[in-house]
Amino acid sequence: MKITKIETIPVWYELTDEYHALFGSGKKSGTSVHAREGWFANIEYKENVFVRIETDEGVVGWGEACAHPVTSETLAGLLSTIELFGRQIIGRDPFQIGAIHAALDHLFLHGNAGARCAIDIALHDIMGKAAGQPIYNLLGGGYQKTFGQLATMPRAEPQRMAEHAQALVERGYTCFEPKMTGYLESLDADADRLEAIIGVVPKSCLVIGDPNQMWRTAKDTIDILTRRFSGVGNLAIEQPVMYHDLAGLAAITQAVPHKVVADEAIQNLATMIEIASRRIADMVSLKLGKCGGFYKAVQMMRIAEAAGLPVRVDWTQGSALLDTATGHLHAAVRLVACDPGMDYQLRIKDRPVKEGGAVVREGKVFMPDTPGLGLELDEELIRKLSQRR
């Protein structure tokens, strides 16, 4: 089997109220809801790119990428990079996934994990279809094919966040990730919101406060956690300091009993090895778009698991295709930290997945057992979405 064609299709998604609430669109002047408002607030459309890969045996695979600050990728950059990557892999066997990633590594084009992710997902979709297997079986097997969901929560007043958390519990969510803004308002204001949520969810539910690197310093983080959350057993804090401050992240991990999660700190395999070998965090957060697709995400996952670090899998911002791909990765995790974040599709109105994929019934996610991603795309709709701009 050989790759014969790679097509990039930019799309512009119409956004839902849940999207605007999460990213701070229309918020009161002088307040902050999300650390990345400069990218995502008050925009008309969400920009993503679909990748369609054909083979000489008629098997077609699909992937998706999003323009995102964590990978420093814009829509224009994604299109150019995917075109460049495509020229390197035309004519190759999609099953030679290691050699394909090696060829992309040898371009020395640092970053660009989203572009690589879209190609990688499409190739795994092809391999799964050709082998008659769901993608999670290509990643080591489905350790869990039914599971709950993590809810990403927009920042609001403490009482509103508590009410939101209660509603999410009733919908079956098992883990909660409220967004924090740290010193953009105050760490104590973040703590007020965390306390409100922790007070209403079951103690079996993990609450992961996510300042997106905005709790300034290790000292500030240690102070607020010890001063406000002594004895709280179901609280974790994700990436409170800047991604490059590995010493600070390690100091927090050593100083507090709460689980400390490495997210933006995981830039590549080398930093994953350093985090795991030095016990810089208690958990790691993996996203397909940040890792560059399944191939390297699984490498990072197994490094973490070998060091005894539980793995959480979070969403990559896009359609039900990316949510389903996220579910395939989570299904292959051996040392699970919590249920995954895979409901980003609720933030967009368009539905490019026509049939199949991960489905939610009575609060539980069920992964498909059909080949590849296990879904059918509405290609006509995708091409219409590409004409919005």
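Predicted model: local features only at pLDDT ≥ 70, side-chain atom pairs only at ≥ 80, totals over all residues.

Trainee: Is α5 roughly parallel or roughly perpendicular to α13?

Mentor: The axes of helix α5 (residues 113-131) and helix α13 (residues 294-306) come within 8 Å and cross at roughly 95°. Angles of 65 to 115 degrees count as roughly perpendicular. Therefore α5 stands to α13 as roughly perpendicular.

Trainee: Which residues of α13 make the contact with α5?

Mentor: On the side of α5, the contact is made by R116, D120, I121 and H124. By class, the residues of this contact comprise 3 nonpolar, 1 polar and 3 charged. The partners from α13 are F294, Y295 and K296.

Trainee: What is the handedness of the crossing of α7 and α8?

Mentor: Helix α7 (residues 158-170) and helix α8 (residues 187-198) have axes that come within 8 Å and cross at roughly 30°. The crossing of α7 and α8 is right-handed.

Trainee: How many nonpolar residues does the contact of α7 with α8 have?

Mentor: In this contact, P158, M161, A162 and A165 of α7 meet D192, R193, A196 and I197 of α8. The contact has no polar residues and 2 charged ones. The number of nonpolar residues is 6.

Trainee: What covers the buried residues of α10?

Mentor: In helix α10 (residues 246-255), the buried residues are L246, G248, L249, A250, I252 and T253. The elements that cover them include α9 (218-228), β9 (259-262) and α11 (269-277).

Trainee: Is N42 buried or exposed?

Mentor: N42 lies in the loop between α2 (37-40) and β2 (45-55). Its phi is near 60°, a positive value in a residue other than glycine. Most residues other than glycine have a negative phi. With a relative accessible area of 56%, N42 is exposed.

Trainee: What is the relative accessible area of E362?

Mentor: E362 is found in the loop between β13 (359-361) and β14 (364-366). The phi of E362 is also positive, near 50°. E362 is exposed, and its relative accessible area is 84%.

Terms used:
Residues numbered from 1 in each chain as written. Heavy atoms only, no water. Axes fitted to C-alpha atoms, helices over the stretch in contact; angles between N-to-C directions. Helix = DSSP H or I, 4+ residues; strand = E, 2+ residues; numbered from the N terminus. Parallel < 35°, antiparallel > 145°, perpendicular 65-115°, else oblique. Contact = heavy atoms within 4.5 Å. Nonpolar A, V, L, I, M, F, W, Y, C, P; charged D, E, K, R; others polar. Left-handed = near helix turned anticlockwise from the far one by under 90°. Buried < 20%, exposed > 50% of the residue type's maximum accessible area, 1.4 Å probe, protein only.
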